[in-house]
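Please read the sequence alongside the coordinates while following this explanation.

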Amino acid sequence: MSSQLLNHVRAQIRLRHYSYRTEQSYIHWIVRFIRFHQLRHPRHLGKKEVEAFLSHLATDRQVAAATQNLALSAILFLYKHVLELELPWLDDVVKVKRPARLPVVLTKHEIQSILARLRPPHDLVVQLLYGSGLRISEALRLRVKDVDFHRLSLTVRDGKGAKDRVTVLAERCHEALLRQVETAMDRGELDKQQQQGGVILPDALARKYPNARFEPGWQWVFPSHKLSRHPRTGAIGRYHLFRTTVQKAVKRASSDARIPKPVTCHAFRHSFATHLLESGADIRTIQQLLGHADVRTTMIYTHVVQRGALGARSPMDRD
């Protein structure tokens with residue numbers, strides 16, 4: 001397989017400022033697509049071969065619809081932006097319709113049971129997921145400058161869809177988050193004194209402001225304990241906590257709490273929206289806090305509000 005082709009894919013992805021996770025996913029599926037067709041160059045493949053690969057994923061590998069669509073998106077990116085081929089048949093390749101699944105919502109008691117079994121700083125991360133409606137990546141990428149203790153708000157930078165937004169900060173998180181911020185700034189100061197590491201900065205800021213990596217405002221709220229190598233530039237720096245450590249901690253805590261629901265980090269974001277809706281919050285407000293582009297995405301929570309479907313009460317419970 002030509003490394004030149006894959007390097008071209010990486011270059012086009014970075015040109016469009018796609019995330020590193022997207023880069024990893026696209027490379028993965030492009031490689032699998034090429035290997036599936038015995039290393040034939042994509043220029044010599046067409047609609048038939050693309051559909052054969054997607055069919056293989058669905059029937060032989062039995063992947064989820066979202067995974068199949070991700071593979072298709074990677075292949076479309078390859079043809080449109082890397083090979084720059086005008087292929088009319090690309091628009092005819094059908095995307096799989098994702099099943100309409102209802103979100104998993106935890107009760108307040110279940111959330112408290114999980115939090116009681118989590119150790120710092122994982123418990124604080126989960127409190128922000130539930131208290132502010134953050135995605136796990138958004139919580140871990142928080143920087144000190146994004147926390148406004150005076151207004152009790154958090155600024156989410158470069159969220160899903162490359163959008164910024166402001167969401168609420170629960171008063172109950174105030175003291176613990178303040179202590180965590182102080183710990184993060186102390187770690188940044190120690191890095192500065194030792195002239196090692198420093199936080200990873202977005203885009204070209206590291207070249208434009210070389211000392212910004214030690215400034216208090218740029219420090220991660222949840223810094224990693226170890227220095228790491230940047231996967232793209234190779235520079236040594238300090239990342240935030242890895243999501244897998246939080247995910248594993250949540251999994252263990254929910255198991256210890258004997259919660260029968262499939263608990264993930266995203267379930268706390270679902271619970272945030274559902275509990276706000278149950279308390280009477282406006283659907284548009286919830287949409288803005290979650291950062292949904294379309295209110296129809298937020299409307300899914302109307303199907304899981306308390307007391308059954310759409311908040312209806314069973315006639316059997318009426319007087």
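**A helix pair and its surroundings**

Helix 11 and helix 12 run roughly antiparallel to each other, because their axes cross at roughly 160° and angles over 145 degrees count as roughly antiparallel. The model in which this is seen is a predicted one. Two packed helices are described by the angle between their axes and the distance between the axes. For helix 11 and helix 12, the axes come within 10 Å. The crossing of helix 11 past helix 12 is right-handed.

Which residues make up this meeting of helix 11 and helix 12? On the side of helix 11 they are R269, F272, A273, L276 and L277, and on the side of helix 12 they are I283, I286, L289 and L290. An α-helix has 3.6 residues a turn, so residues three or four places apart point the same way.

Helix 11 itself covers residues 266–278, which makes 13 residues. From its first C-alpha to its last, helix 11 reaches 19 Å, close to the 18 Å expected at 1.5 Å a residue. Helix 11 is mostly covered, with 10 of its 13 residues buried. The buried residues are A267, F268, R269, H270, S271, F272, A273, T274, H275 and L277. Helix 12 (283–290) is one of the elements that cover them; the others include helix 5 (108–115), helix 6 (122–132), helix 7 (136–140), strand 3 (165–168) and helix 10 (243–256). After helix 11 comes G280, which has a positive phi, near 100°.

Strand 3, one of the elements covering helix 11, also belongs to a sheet. That sheet is open and consists of 3 strands in the order 1-2-3, with antiparallel pairing. Strand 1 (147–148) and strand 3 are its edge strands, each pairing on one side only. Between strand 2 (residues 153–156) and strand 3 there are 4 bridges in the antiparallel sense. In this pairing, L154 has T167 of strand 3 as its bridge partner.

Some backbone angles in the loops deserve a separate look. Most residues other than glycine have a negative phi, and most peptide bonds are trans. In the loop between strand 1 and strand 2 lies L152, which is not a glycine and yet has a positive phi of about 50°. L152 is partly exposed, at a relative accessible area of 23%. Another non-glycine residue with a positive phi is Q195, where the value is near 50°. Q195 sits in the loop between helix 8 (174–194) and helix 9 (205–208). Is Q195 buried or exposed? Its relative accessibility is 54%, and over 50% is the cut-off for exposed, so Q195 counts as exposed. The loop between helix 5 and helix 6 contains P121, and the peptide bond from P120 to P121 is cis, with omega near 0°.

The last stop is A253 in helix 10. The relative accessible area of A253 is 1%; the cut-off for buried is under 20%, so A253 is buried. Which residues touch A253, leaving aside its neighbours within four places in sequence? They are I114, R117 and L118. As for F53, it is 200 residues from A253 in sequence, and their C-alpha atoms are 39 Å apart in space.

Key:
Residues numbered from 1 in each chain as written. Predicted model: local features only at pLDDT ≥ 70, side-chain atom pairs only at ≥ 80, totals over all residues. Heavy atoms only, no water. Helix = DSSP H or I, 4+ residues; strand = E, 2+ residues; numbered from the N terminus. Expected span 1.5 Å × (residues − 1). Buried < 20%, exposed > 50% of the residue type's maximum accessible area, 1.4 Å probe, protein only. Contact = heavy atoms within 4.5 Å. Pairing = 2+ DSSP bridges. Axes fitted to C-alpha atoms, helices over the stretch in contact; angles between N-to-C directions. Parallel < 35°, antiparallel > 145°, perpendicular 65-115°, else oblique. Left-handed = near helix turned anticlockwise from the far one by under 90°.
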